Amino acid sequence: MSKTTVRDVDMDPEPSAAPQRAASAPRTEGASRALALLLVITGAAGVLAAWVITLDKFKLLEAKVKGETFVPGCSLNPVVSCGSVMESDQASVFGFPNPMLGLVTYGIVVCVGMSLLAGARFPRWYWLTFNAGTLFGVVFCAWLMFQSLYRINALCLWCCLAWVATIIMFWYVTSFNVRQGFLPAPGWLKGFFGEFTWVMPVLHIGIIGMLILTRWWEFWTS
């Protein structure tokens, strides 16, 4: 009687299959510690601003119910008047107070930053989605700035903090995506963002500062 032997079968793929599988896997990228910390700090600043405004909004509503008057601590003068901004229609664009949206979105930014600090790496679609979120934030802030300066005619200091945080995070996330090739861009633009990313948020914030200065020039100089 012939003896039948069973040959051991190696379940591991051939050595040549590993590089092929790695090449076909989607590319992922982490971020520098500096960018991760920047996201944590700007996100935390946004959460702080949104939290304070939300609390003051609740106090303002409670005072109205009781027939009393509540003046937020950041209402310093006729121009820097958080109460006027909170009571405007623009303060509840989506049917609820805008800062409640900020509590969620800025919280997400903090989570992304903390994940990057822990060594997380994200694929291209994640970075582009995150960039789209910051783009929405900076456009929404631009609309709020216009409304504040030329329709409500008052400024909220906590809103200004949120604006600055959003502008900084938008430009640095955009810079990252351009430099990594996630956003198509010519070589000179990649080089510019590689060396001078800071120029764009400084220029952006500077323009807003000039608009605020000229809008109430007589008040500031009186």
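At what angle do helix 2 and helix 6 pack, and how far apart are their axes?

## Packing of helix 2 and helix 6

In this predicted model, helix 2 and helix 6 pack at an angle of about 155°, and their axes lie 9 Å apart. Because angles over 145 degrees count as roughly antiparallel, helix 2 is described as roughly antiparallel to helix 6. The crossing in which helix 2 passes helix 6 is left-handed.

## The largest pocket

The largest pocket has a volume of about 750 Å³, and its lining is made up of 41 residues. Among these lining residues, Asn 98, Gly 102, Thr 105, Tyr 106 and Phe 140 are the ones that lie nearest the centre of the pocket. Sorted by class, the lining comprises 28 nonpolar residues, 12 polar residues and one charged residue.

Several helices contribute to this lining, with at least two residues each coming from helix 2 (33-65), helix 3 (82-86), helix 4 (98-117), helix 5 (124-152) and helix 6 (157-179). The largest share, 13 residues, is supplied by helix 5.

## The loop between helix 5 and helix 6

Asn 153 is found in the loop that lies between helix 5 and helix 6. Although Asn 153 is not a glycine, it has a positive phi of about 60°. With a relative accessible area of 34%, Asn 153 is partly exposed, because this term covers values between 20% and 50%.

How values were computed
Residues are numbered from 1 along each chain as its sequence is written. This is a predicted model: local features need pLDDT of at least 70, side-chain atom pairs count only at pLDDT 80 or more; totals for chains, interfaces and linings use all residues. Side-chain values use heavy atoms; hydrogens and water are left out. On a 1 Å grid over the protein atoms alone, a cavity is a set of points where a 1.4 Å probe fits but cannot get out, and a pocket is an open set with protein on both sides within 12 Å along at least five of seven lines; lining residues have an atom within 4 Å of a point. Grid points are joined across faces, edges and corners, and a volume is the space filled by probe spheres set on the points. Helices (H or I, at least four residues) and strands (E, at least two) are DSSP runs, numbered from the N terminus. Ala, Val, Leu, Ile, Met, Phe, Trp, Tyr, Cys and Pro count as nonpolar, Asp, Glu, Lys and Arg as charged, and the others, Gly among them, as polar. Buried means under 20% relative accessible area, exposed over 50%, partly exposed in between (1.4 Å probe, protein chains only). Axes are lines fitted to C-alpha atoms, for helices over the stretch in contact, and angles run from 0 to 180 degrees between N-to-C directions. Angles under 35 degrees count as roughly parallel, over 145 as roughly antiparallel, 65 to 115 as roughly perpendicular and the rest as oblique. A crossing is left-handed if the near helix is turned anticlockwise from the far one by less than a right angle, and right-handed if clockwise.
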